[in-house]
Amino acid sequence: MRWLYFFLIFTLPFGQLQKIPISLDQFPEVNLYLTDLISLAILIFWLIKLIKKQTKLSQNTKYFFLFFIAAAIPLFLNISWLGARNILVSSLYLIRLIAYSSIYFAFPLLKLSPKKTQKIFQFLYWAGVLVAVFGLIQYVFYPDIRPLISYGWDPHLYRVVSTFLDPGFTGLILVLSLIIALENSLHHQRKALDILPAIPIYLALVLTYSRSSYLALVFATAFIFFSQKKTRLFWLFLIFFLTSIFLAPRPAGEGIKLERTSTIEARLQSYQRGINIFFKKPILGIGFNSYRYAQDKFFPNININKKLTNRAGSSPDSSLILVLVATGIVGLATFGLMALKIVSPLFKKSKEPANNLILASLIAISIHSFFLNSLFYPAIMIWFFLLLGVKEIIAGNKS
C-alpha cells in the first residue's frame, strides 16, 4: 500500500505525460491515466481489507457515500435521453471519483506515525517543484502550444502550462506547493535546500498568467498570515506579488494580458449554460458526469459539443455549478454536509501548523474552483484527498 501511495505522488507531476494511449473509436471522450489505475488499485485493496474486517470506515466516509449515491441515481433516471452508451461513459467518471476518494478512505492502512504522516507534505512539495521545473522548461523551449488545438487543448502562447497543458490547473498545483513552503518557513526551521525550490515554483506561477491561481494564492496567504497575526508580512508579500505580476514579460498573445475580457465572457456564458441546465432538472440533477451530453441536448448549436474530444465541454467553469447541475439540490445538500463535516474540525484546532496548512490549501482550492472545475481535476483530487488523509491521522492522534 505504501508503494502505491509513493507511485501516486511520483506520477502526479507528469500530468498528461502519464496518459495511457488507448484508442476507442466508440468512446473518444474516455481517457485513462496511470494515476487512475493506481487509485483504482488502492480502492480495490481497501475494499478487500474492509470486507475482511481488517479496517473500518472512517467517520466521514458515509457522507461521501451519500454524495456518490446522489450523483449516481440521476444517471439512471435520465436514461430516456442519455442512453445506455452515455450512461456508461458518465459512470466511468463516477468510478474515477470514487477511486480517487479511496486515497482518503485507505490512508489509515499506511499505519504511519504522525511524524511520518506529515512527510506527505514534503512529498507533495517536491512534486510541485517538478511541476514548476517542467513548466519553466516548457516556457523556454515550447512556449507556443497552439498546434495542440487540434487535440482539444486551448491555444496558449507564452504561458507556463507545464505537463498539464493548462495554466489554470498548473497554477493551482503551484499555489498549493507554495502554501507548504510558506507554512514550513513559518513553523519549522528548514535548510536552504528545502526553501530555495520555492523560487522556481513562484516564478512558474507568475508565468502562468492565471488570474484564478493568483486569487487563490492571495486568499490562502492572507489566511496564513492573518491567522498567525502577521498582517504586516502579508501586506509586504502582496506588494511583492503585485510587483512581480507587473514586471512579468508579455511578449505576445492574448492570454498573457491580465485585463483580457474574452475569457471572462466565455466563463459567464459557461455559468449561464450550467444554470439553465440546472433548471431543467433542479431536484436530482442530470447525473455525474453527463454535463457534455446535457449541453449537446439543450444547446445543440454550440460548436464545442460537436467534438466530444474537446475538453472544454465536459464541465462548466465552476465546480459548484457542476455539483448543482449534476446532482441537483439534493446532491448539493449532501455535498455541503460532507464539506461541513470535513472542514469544521479543522477550524476548532486551526492554530496547529498542519491544520493551518490544510485549511489554507482548502481555501485556495475553493477559490480556484469558482473559476475552473478544480475540485474534480485528477491531480487536485490526489492532493486534496492526501491532505484529508493526513488530517484524519493527526486528529486521531490528538484524540
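Me: Buried means under 20% relative accessible area, exposed over 50%, and partly exposed in between (1.4 Å probe, protein chains only). Why is arginine 96 called buried?

Reply: This is a predicted model, in which local features need pLDDT of at least 70, side-chain atom pairs count only at pLDDT 80 or more, and totals for chains, interfaces and linings use all residues. Residues are numbered from 1 along each chain as its sequence is written, and side-chain values use heavy atoms, with hydrogens and water left out. Arginine 96 has a relative accessible area of 16%, so the term buried applies.

Me: What makes arginine 96 and aspartate 36 a salt bridge?

Reply: The term requires a side-chain nitrogen of Lys or Arg within 4 Å of a carboxyl oxygen of Asp or Glu. Here the closest N and O atoms are 2.8 Å apart, so the pair qualifies. Arginine 96 belongs to helix α4 (residues 79-105) and aspartate 36 to helix α2 (residues 34-51), so the bridge ties together parts 60 residues apart in sequence. Aspartate 36 is buried as well, at 9%.

Me: Why does lysine 115 count as exposed?

Reply: Lysine 115, in helix α5 (residues 114-117), has 70% relative accessibility, and therefore counts as exposed.

Key: Helix = DSSP H or I, 4+ residues; strand = E, 2+ residues; numbered from the N terminus.
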